[in-house]
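Group the points by topic and keep the wording plain.

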Amino acid sequence: ESFPDVAKMMIDSHNMAKRDGFVTNLFGRKRRIPEAMQIDKHYKNIPHGELPYEARSTLNLSVNHRIQSTGASICNRAMIKFYNDVRQAGIEECHIVMQVHDEIIVECLEQDAENVALLLQNAMETATILDTIDLAAEPKIANNLADLK
């Protein structure tokens with residue numbers, strides 16, 4: 001009730017999966033869920049919360065894909081922008097190490113850390129523009145992964 005747009009997105013995801021057998025993220029990436037097309041046939045108008053676990057799990061995949069895959073696509077776009085920005089800035093010793101959910105881990109020389117952090121923040125906040133959401137990133141600088149948490 002506090003987030004009606006989220007509730008609508010979840011219902012839309014369920015309906016898309018049941019109707020089409022797939023859902024798409026914000027950028028069009030598909031997740032095929034053909035078994036969702038059988039849910040209404042087998043369970044008629046049973047409310048979502050009363051569906052058997054397997055049917056609920058199938059529908060939950062539709063919601064998870066739309067959210068998590070969109071987040072991954074936003075990070076992918078940010079990494080591409082960041083890579084290009086680092087090269088344009090002439091920073092040679094800088095490497096994207098990995099992506100962990102909505103985080104991008106980068107290694108660089110200590111003398112470049114502040115500049116690299118700003119480039120990464122800018123890339124994460126501006127590589128994708130969403131209509132109603134301002135993306136925010138908070139870069140952290142550390143000597144190892146353990147110090148980042």
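In this predicted model, His14 touches His48, Leu59, Asn60, Ser62 and Val63, leaving aside residues up to four places away in sequence. His14 is part of helix 1, and its relative accessibility of 10% puts His14 under the 20% cut-off, so His14 counts as buried.

**Helix 1**
- Helix 1 covers residues 4–20, and its 17 residues should span 24 Å at 1.5 Å a residue; the end C-alpha atoms are 24 Å apart, which agrees.
- The buried residues of helix 1 include His14, together with Ser13, Met16 and Ala17.
- Viewed down the axis of helix 1, the buried residues fall within an arc of 160 degrees, so they line one face of the helix.
- An α-helix has 3.6 residues a turn, so residues three or four places apart point the same way.
- Strand 1 (22–24) and helix 3 are among the elements that cover the buried residues of helix 1.
- Pro4, Asp5 and Arg19 are exposed on the other side of helix 1.
- After helix 1 comes Gly21, which has a positive phi, near 80 degrees.

**Helix 4**
- Helix 4 has 14 residues (113–126) and reaches 20 Å from its first C-alpha to its last, close to the 20 Å expected at 1.5 Å a residue.
- Buried positions in helix 4 are Ala113, Val116, Ala117, Leu119, Leu120, Ala123 and Met124.
- Seen down the axis of helix 4, these buried residues fall within an arc of 165 degrees, so they line one face of the helix.
- The cover over the buried residues of helix 4 includes helix 3 (53–88), strand 3 (94–100) and strand 4 (103–108).
- Glu114 and Leu118 are exposed residues on the face of helix 4 turned away from its buried side.

**Glu114**
- Is Glu114 buried or exposed? Glu114, which lies in helix 4, is exposed, because its relative accessible area of 59% is over the 50% cut-off.
- Glu114 and Lys140 are 26 residues apart along the chain, and their C-alpha atoms are separated by 9.4 Å.

**Cysteines**
- A disulfide is a covalent bond between the sulfur atoms of two cysteines.
- How many disulfides does the model contain? The count comes to zero disulfides.
- Cys75 is in no disulfide, and the nearest cysteine sulfur, that of Cys94, is 16 Å away.
- Cys75 has a relative accessible area of 4%, so Cys75 is buried.
- Cys108 has a relative accessibility of 29%, so Cys108 counts as partly exposed.

**Aromatic rings**
- A pair of aromatic rings is described by the distance of the centres and the angle of the planes.
- The count of aromatic pairs comes to zero.
- Which residue lies over the face of Phe22? Lys30 does, at 4.3 Å from the ring centre.

Definitions and conventions
Residues numbered from 1 in each chain as written. Predicted model: local features only at pLDDT ≥ 70, side-chain atom pairs only at ≥ 80, totals over all residues. Heavy atoms only, no water. Phe/Tyr/Trp six-rings, centres within 6.5 Å; stacked < 30°, edge-to-face > 60°. Lys NZ or Arg CZ within 6 Å of the ring centre and 35° of its normal. Helix = DSSP H or I, 4+ residues; strand = E, 2+ residues; numbered from the N terminus. Expected span 1.5 Å × (residues − 1). Buried < 20%, exposed > 50% of the residue type's maximum accessible area, 1.4 Å probe, protein only. Arc of directions from axis to C-beta. Contact = heavy atoms within 4.5 Å. Disulfide = S-S within 2.5 Å.
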